[in-house]
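Subject: Structure for you to look through

Dear colleague,

I am passing on the structure we talked about, and below it you will find my notes. Please keep the viewer open while you read, so that you can find each place for yourself.

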Amino acid sequence: MQNYDILIVGAGCAGLTAAVYAARAGKRVAVFEGNGIGGQIATSPLVENYPGIASISGMEFSNNLLDQAMGFGAELIPAGVHGLRAEGELRILSTDEGEFAAPAVILATGAKHRPLGVEREEELVGRGVSYCATCDGAFFRGKTVAVVGGGSAALVSAWALADLCAKVYLIHRRDEFRGEAALADRLRTRENVEFLLSCQVTALEGDDHLTGVKLSTGADLPLDGLFVAVGQQAQNEAFADVIALDERGYIVAAEDCRTSLPGVWAAGDCRTKAVRQLTTAAADGTVSAMAICGG
Ligand code: NAP
């Protein structure tokens, strides 16, 4: 068993902000990440609404934040976390790298992409179906692609793909966007972007690679790639036996980030909250770290 002052689960904006504050306050901090560093924002092509930064890619933002946390002495442990238990004053995490204990744990597990829920979706991932324009956009240079979704993630993905692809369809099930109106308005100015509204993907076509989709209008849309950006879902199953979750799997915690288990905080998109943004994730990281470190 290895001992620290604070264990942080998740190296996204919330977790790394907490790591910056806690490590800077002199605490021994371990940050666990079993997937990609940076969380969801690392896959966002463009961030334009973080105060003080006019424009930056999600990947660069994440790398900067990681460097900042490591610079203050936080340790990054590339391991998945499978469980949490309480033993007296200690909170113990079981991870791919064994057990770790600390008096305080911050859960900053974020959320993961929601699948579209169409038959054969999983089978065609990496064969024309993607959840990340930043990661996979370059494979579709000069090609025809579609983005599904009406949130900000879909809008910024379509914007980034429009720089690379010959044609980008934006398929949304309603005629109003959930995402920022300014982003949608700007997207309308792109000549190679076409909006297909009040319309859903009902089937994926192609044998071992996507060749198109069938739409709820009955039309067949030939495509080289389909980018799914239909929101997120929580990933807190590993803690369900010790921490209260809501009916959608988010950790029940208010603005003070305290969970139902003393000594455990929840920061960022993984907790119950109205606004899931980089800024609110950073705020939660700050609130939870300062509650633990004092100040
Ligand atoms: P979101 O805001 O929850 O939007 C999800 C979109 O997918 C909605 O338009 C929804 O349609 C649609 N949808 C959900 N299930 C669907 C299905 N089965 N079939 C078809 N469409 C479906 O999610 P998000 O865009 O991932 O954004 C999440 C959060 O991150 C938001 O707070 C967002 O502002 C933030 N974000 C910000 C930026 C940025 O500013 N750079 C970038 C990315 C994300 P309905 O609208 O009809 O429900």
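Is glutamine 2 buried, partly exposed or exposed? Please bear in mind while you look that this is a predicted model. Glutamine 2 has a relative accessible area of 39%, and because buried means under 20% and exposed means over 50%, glutamine 2 counts as partly exposed. This residue is found in strand S1, which covers residues 2-3. If you leave aside residues up to four places away in sequence, glutamine 2 touches Glu99, Phe100 and Ala101. The C-alpha atoms of glutamine 2 and glycine 98 are separated by 8.4 Å, although these two residues are 96 residues apart along the chain.

Strand S10 (residues 129-130) runs parallel to S17 and is joined to it by 2 bridges, with valine 129 having leucine 226 as its bridge partner. Strand S11 (residues 144-148) also runs parallel to S17, and here 4 bridges join the two strands. In that pairing, alanine 146 stands opposite leucine 226, the residue of S17 that is also the partner of valine 129.

Finally, please turn to the ligand, which is surrounded by 22 residues, the closest being Arg174, Arg178, Gln232, Arg276 and Gln277. The shell around the ligand divides into 6 nonpolar, 10 polar and 6 charged residues, and helix H4 (residues 152-162) gives the most to that shell, with 3 residues. Which distances separate the polar side-chain atoms of arginine 174 and arginine 178 from an oxygen atom of the ligand? For arginine 174 the distance is 2.7 Å, and for arginine 178 it is 2.6 Å. Asparagine 49 also has a polar side-chain atom that lies 3.0 Å from an oxygen atom of the ligand. On its own the ligand has 920 Å² of accessible area, and the protein covers 81% of that.

With best wishes

Conventions
Residues numbered from 1 in each chain as written. Predicted model: local features only at pLDDT ≥ 70, side-chain atom pairs only at ≥ 80, totals over all residues. Heavy atoms only, no water. Near = heavy atom within 4 Å. Polar contact = N/O pair within 3.5 Å; in protein donor to acceptor, adjacent residues only side chain to side chain. Areas by Shrake-Rupley, 256 points an atom, 1.4 Å probe, with all protein chains shown as cover. Nonpolar A, V, L, I, M, F, W, Y, C, P; charged D, E, K, R; others polar. Pairing = 2+ DSSP bridges. Buried < 20%, exposed > 50% of the residue type's maximum accessible area, 1.4 Å probe, protein only. Contact = heavy atoms within 4.5 Å.
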